[in-house]
Amino acid sequence: MKTYDYIIVGAGSAGCVLAERLSRSGKHTVLLLEAGEKQRTPWISLPVGYGKTFYDGAVNWKFETQPDAGLDHRTGYWPRGKVVGGSGAINALVYARGLPNDFDDWAAAGARGWGWNTVRAVYQDLETQVDTDGTTQGSGPIHVQNVSDQIHPVNRHYFAAASELGLPTTDDMNGDTPQGAAIYRINTKNGRRMHSARAFLKPALKRANVTLITGALVERVVVQDRRATGIVAKVRGQSQTFHAGREVVLSAGSVTSPRILQLSGIGPGAHLKSHGITPVLDTPHVGGNLQDHLAVSYYFKATEPTLNNVLAPWWGKVMAGMQYAFNRRGPLSLSVNQCGGYFKSDPSLDVPDQQLYFNPLTYTTTPDGKRTVVKPDPFAGFILSFQPARPTSRGRIDISSSDPRAAPLIQPNSLSTDTDIDQIVAGGRLCQRLAATRAITGLIKSAMDPDLRTMTDAEIVADFRKRCGTVYHPIGTCRMGDDPATSVVDPNLRVHGIDGLRVVDASVFPNITSANTNAPTMMVAYRAADLILADC
């Protein structure tokens with residue numbers, strides 16, 4: 001049994017960052033365990049490859065939720081990365097820090113030291129901002145690309161509609177004025193996905209003090225006398241024990257980190273006993289506080305060409321492929337999400353309550369609205385979509401068995417508060433106002449059923465329940481806070497009641513940020529490395 005200073009579970013957005021930063025000095029040995037395999041498909045590097053990895057079981061856990069009462073008892077599909085790079089290797093690449101008030105809310109919720117003034121400096125260290133002309137600002141490992149010179153021309157109607165309504169526009173959602181209609185910035189470099197495996201893990205693996213083991217399904221954390229001393233994992237079918245001289249760090253994500261804790265006897269005691277697991281620490285909060293963004297998309301056929309006209313026909317695919325091959329530009333180098341932004345559905349609000357998406361293409365769907373395939377439709381079309389930024393409903397994730405291979409019980413408990421229902425109406429009405437502008441009315445050839453423009457408040461809610469889906473931002477299941485009675489980890493990300501064990505991933509967020517969660521996940525890991533090393 002070999003001993004490593006640090007054992008990190010999960011080579012995803014957080015784990016890759018930690019592996020590089022904890023090993024940088026050369027003083028510490030680091031073992032990184034990943035249940036998935038190394039990248040073996042070009043669709044991960046290709047930004048638009050999101051459409052290919054969305055249902056690819058080779059790189060995707062393809063989780064499903066329990067029937068959700070708030071969503072007409074539907075089950076939900078939750079893609080999560082099963083590959084080195086984690087979900088950051090298969091996501092849609094929107095790089096959004098979140099709003100300053102998101103992090104001040106973290107601090108107010110007991111996550112001392114995680115307010116905006118602190119995390120803003122961490123983001124600045126993490127990023128290199130790249131403008132359209134190639135000039136850069138900052139020197140961080142994650143390249144954040146301004147792609148405003150490459151987006152489809154049809155997006156101009158979205159900005160014209162915002163202007164008609166008197167809504168703000170911003171050049172950078174991550175800048176000093178983040179509110180308003182924006183072109184999404186994405187984490188790419190030279191037209192390729194710049195996720196944490198490429199930015200952090202690749203250079204770290206050149207060091208002799210870093211070991212990566214793939215195909216390693218973690219069975220449990222070894223806990224002795226309330227201290228984590230190692231990991232038991234099944235590697236290529238054989239159970240092995242790895243010893244941690246300093247700490248074990250779980251970075252397996254909001255679905256799997258709480259599952260590993262529960263499999264290790266840390267969680268709600270009665271539930272663990274029901275699966276034959278002896279509780280080491282009875283704490284009901286492990287797996288609780290689950291939050292996620294839900295969105296609904298409204299599909300329209302367009303009066304002028306959109307990205308469908310480029311990517312649907314075979315000749316268009318060939319041209320886009322050649323453009324990408326020769327200069328790493330064009331639609332294949334971009335996210336499927338091109339424009340959107342933070343908005344106030346009511347100008348009297350203190351902070352934005354909605355995130356919008358305007359996509360210059362539509363995707364093939366099945367009659368129930370599920371995207372079982374992600375490919376452009378054979379006609380000109382566009383999508384207008386909204387998600388309430390800060391949902392107040394709370395769900396749970398728990399083990400379904402003592403077998404680590406068993407699927408988790410994901411219970412989102414969606415739309416269980418009046419506030420969330422009000423936010424759906426507000427977001428639907430905001431999209432209605434945009435669709436009624438001269439700019440968008442002129443772009444609409446016809447609405448693809450259902451037609452947002454004629455919906456009442458009740459119909460907006462009913463349609464949302466019927467068709468909405470996750471935006472793949474689950475967080476909060478190992479909540480950070482200073483009170484062990486209400487949280488799982490302390491502000492230094494140490495598990496309350498267990499020495500030598502931390503959780504570092506999106507599961508520690510006390511509250512969900514107002515937009516996409518990959519950037520704040522990497523930020524948390526970047527800062528966590530400093531907190532861990534400070535305790536050496």
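Buried means under 20% relative accessible area, exposed means over 50%, and partly exposed lies in between, with a 1.4 Å probe and protein chains only. The model is predicted: local features need pLDDT of at least 70 and side-chain atom pairs count only at pLDDT 80 or more, while totals for chains, interfaces and linings use all residues. Residues are numbered from 1 along each chain as its sequence is written, and side-chain values use heavy atoms, with hydrogens and water left out.

**Stop 1**

Select R390 and D102. These residues form a salt bridge, with the closest N and O atoms 2.8 Å apart; the term denotes a side-chain nitrogen of Lys or Arg within 4 Å of a carboxyl oxygen of Asp or Glu. The pair links distant parts of the chain, 288 residues apart: R390 is in the loop between β20 and β21 (396–398), and D102 is in helix α4 (residues 100–108). Helices (H or I, at least four residues) and strands (E, at least two) are DSSP runs numbered from the N terminus. R390 is partly exposed because its relative accessible area is 25%, whereas D102, at 0%, counts as buried. By the salt-bridge rule the count comes to 22.

Next, select D482 and R112. Their side chains meet in a salt bridge at 3.5 Å, N to O. D482 lies in the loop between β24 (469–470) and β25 (501–503) and R112 in the loop between α4 and α5 (116–126), so this pair ties together parts that are 370 residues apart in sequence. D482 counts as partly exposed, at 41% relative accessibility.

Continue to E164 and R438, which form a salt bridge with the closest N and O atoms 3.9 Å apart. This pair too links distant parts of the chain, with E164 in helix α6 (residues 156–164) and R438 in helix α13 (residues 438–441), 274 residues apart. Which of the descriptions, buried, partly exposed or exposed, applies to R438? R438 is exposed, because its relative accessible area is 68%; E164, at 33%, is partly exposed.

To close this stop, select E247, D490, R494, R502 and D535 together. These residues are linked in a network of salt bridges.

**Stop 1: two surface patches**

Patches are made of residues with over 30% relative accessible area and no salt bridge; like charges are joined within 9 Å, and nonpolar side chains (Val, Leu, Ile, Met, Phe, Trp, Tyr) within 5 Å. Lys and Arg count as positive and Asp and Glu as negative, while His and the chain ends are not counted. The place of a charge is taken as NZ of Lys, CZ of Arg, CG of Asp or CD of Glu.

Select R192, K202, K206 and R328, which form a positive surface patch. K202 lies in helix α7 (residues 196–204) and counts as exposed because its relative accessibility is 54%. R328 is in the loop between α11 and β18 (339–343) and is partly exposed, with a relative accessible area of 35%.

Now select W314, W315, V318, M319, M322 and F326. They form a nonpolar patch on the surface, with about 780 Å² of accessible area together; accessible areas come from the Shrake-Rupley method with a 1.4 Å probe, and for residues only the protein chains shown count as cover. W314 is placed in helix α11 (residues 314–327) and, at 65% relative accessibility, counts as exposed.

**Stop 2: two buried residues**

Select T306, in the loop between β17 (294–302) and α10 (308–311). T306 counts as buried, because its relative accessibility is 0%.

Then select G381, found in strand β20 (residues 381–388). G381 is buried, with a relative accessible area of 0%. The C-alpha atoms of G381 and N308 are separated by 6.6 Å, although these residues are 73 apart along the chain.

**Stop 3: backbone geometry**

Most residues other than glycine have a negative phi, and most peptide bonds are trans. Select D449 and P450: a cis peptide bond joins them, with omega about 0°. P450 is in the loop between β23 (444–447) and α14 (457–467).

Select R226 next, where phi is near 60°, a positive value in a residue other than glycine. R226 sits in the loop between β12 (216–224) and β13 (227–235) and is partly exposed, with a relative accessible area of 42%. Finally, return to R328, a residue other than glycine whose phi is positive, near 55°.
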